[in-house]
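Trainee: I would like a close look at a single part of this model. Please take it slowly and keep to what can be read from the atoms.

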Protein chains: 2
Amino acid sequence: MASDLLDRLREQQWRLSPQRRVVAEVLEGEHVHLTAEQVHELAQRRLPEISRATVYNTLNELVAMGEIAEVQVTDGAKRYDPNIGDTHDHLVCERCHTIRDVPSSGTRPTVPTRARAGFLVTGVDITYRGLCPDCARAARRKES
Amino acid sequence: MASDLLDRLREQQWRLSPQRRVVAEVLEGEHVHLTAEQVHELAQRRLPEISRATVYNTLNELVAMGEIAEVQVTDGAKRYDPNIGDTHDHLVCERCHTIRDVPSSGTRPTVPTRARAGFLVTGVDITYRGLCPDCARAARRKES
DNA sequence: TTTACTGCAAACCGTTTGCAGTTCC
DNA sequence: GGAACTGCAAACGGTTTGCAGTAAA
């Protein structure tokens, strides 16, 4: 199965180097949202010489091209979301900071016009916070 | 008018130094969400010798005590939200990164149980993204 | 061949920390 | 008096950048 992402990038006359290919492949293969560091690690498994700088550069370009999205839901590192096809919300673990996609619930909230204060609203992000199964289990064990 | 925040802090036997008082006062006076740097700047206007480290320490303590909340909605610096009384959502400008509170809309979205993937969900954050009045005006001017 | 990407290392920004000195209770 | 706070400066983690070399088209 050919990579949709790579196909799209080729169409946009993106100069395709081994490094960029590997970054794109890593992102496509993953269903969780990786940090730049994690992308670098996985990319190095396939292409040991790839540098951190190149990973960062590539991620930023992909974001600029609208092919992936940055997600900043917790302290620390940004995460990269390759799933930009349809809108979805995020479920984030307050303890281990894992992020999981959830299909967006039917009705999207909107700002009451009165409260809009002159803002031009273009989108809504919904982030559910809580504990992932593993961390919930660990927390339960600790408090007993 | 005495400070509610300071009153509450005194009750919690919080050691009250000039530096801490000034940080608390700066936060209370503001209705927008400041970065640590901005808090430092405003605090310095009243107490020139106050150090960055102390501002950071104090902000972190206030967060730990549950008196203010950290808000991380964009790249860059965390912002501090003194308005923890009742739940509210945020309106953030994609261009200048200003944050404004909006009273939360009636119904809060929830994760369909099926999609919960074993997570223990404890809260929802809703962030509206767009352009603040000033930036919307600037954008309109530019594109014409 | 030319333009643009890569790698390195140094710089950067926001934040945290260790420590010596000082202050609040 | 003693625990707890302050300021400084150095360290930190994540990310960006300048530049010389290299490779895609």
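Trainee: What is the area buried between chain A and chain B, and what percentage of it do carbon and sulfur atoms give?

Mentor: Keep in mind that this is a predicted model. The area buried between chain A and chain B is about 3000 Å², and carbon and sulfur atoms give 63% of it. In chain A, the residues that lose the most area to chain B are F119(A), D125(A) and Y128(A), which together make up 21% of what that side buries. The contact draws on 36 residues from chain A and 36 residues from chain B.

The two sides can be compared directly. Of the interface residues of chain A, 100% are also interface residues in chain B, so the copies meet through the same surface. Chain A is superposed on chain B by a rotation of 180° with 0.0 Å of shift along its axis, at an RMSD of 0.1 Å. The two copies are therefore related as by a two-fold rotation axis. Within chain A, the C-alpha nearest that axis belongs to I126(A), at 2.4 Å from it.

Chain A holds five helices and six strands. Along the sequence they follow the pattern α-α-β-α-α-β-β-β-β-β-α. The C-alpha trace of chain A spans about 50 × 45 × 30 Å along its principal axes.

Next come the specific pairings across the contact. Two salt bridges are counted between chain A and chain B. One is formed by R129(B) with D125(A), where the closest N and O atoms are 2.6 Å apart. D125(A) has already been named among the residues of chain A that lose the most area to chain B. The count of residue pairs in polar contact between the two chains, with both residues at pLDDT 80 or more, is twelve.

On the side of chain A that touches chain B, at least two residues each are supplied by strand 4 (88–93), strand 5 (99–103), strand 6 (120–131) and helix 5 (133–143) of chain A. Strand 6 of chain A provides the largest share of that side, with twelve residues. By class, that side of chain A has 19 nonpolar, nine polar and eight charged residues.

Of the atoms of DNA strand D that come within 4 Å of the protein, sugar and phosphate account for 73%. From chain A, the side chain of Y56(A) places an N or O atom 2.7 Å from a phosphate oxygen of DNA strand D. From chain B, an N or O atom in the side chain of T54(B) is 2.7 Å from a phosphate oxygen of DNA strand D.

The elements near DNA strand D come from both chains: helix 4 (52–64) of chain A, and helix 2 (18–29) and helix 4 (52–64) of chain B, each supply at least two residues of the surface. Helix 4 of chain A gives the most, with five residues. The residues of this surface divide into eight nonpolar, six polar and six charged.

Sugar and phosphate make up 76% of the atoms of DNA strand C that come within 4 Å of the protein. In chain B, the side chain of Y56(B) has an N or O atom 2.7 Å from a phosphate oxygen of DNA strand C. K78(B) takes part through its backbone, with a polar backbone atom 3.0 Å from a phosphate oxygen of DNA strand C.

Helix 2 (18–29) and helix 4 of chain A, with helix 4 of chain B, each supply at least two residues of the surface near DNA strand C. Here the largest share, five residues, comes from helix 4 of chain B. This surface has eight nonpolar, six polar and six charged residues.

How values were computed: Residues are numbered from 1 along each chain as its sequence is written. Chains are lettered from A and ligands numbered from 1 in the order in which they are written. This is a predicted model: local features need pLDDT of at least 70, side-chain atom pairs count only at pLDDT 80 or more; totals for chains, interfaces and linings use all residues. Side-chain values use heavy atoms; hydrogens and water are left out. Copies are superposed by least squares on the C-alpha atoms of residues with pLDDT of at least 70 in both. Contact means heavy atoms within 4.5 Å. A residue is near a molecule or strand if one of its heavy atoms lies within 4 Å of it. A polar contact is a pair of N or O atoms within 3.5 Å; within protein, one must be able to donate a hydrogen and the other to accept it, and residues adjacent in sequence count only if both atoms are side-chain atoms. Helices (H or I, at least four residues) and strands (E, at least two) are DSSP runs, numbered from the N terminus. Ala, Val, Leu, Ile, Met, Phe, Trp, Tyr, Cys and Pro count as nonpolar, Asp, Glu, Lys and Arg as charged, and the others, Gly among them, as polar. Buried area is the accessible area (1.4 Å probe) that two parts lose on being put together, summed over both. A salt bridge is a side-chain nitrogen of Lys or Arg within 4 Å of a carboxyl oxygen of Asp or Glu.
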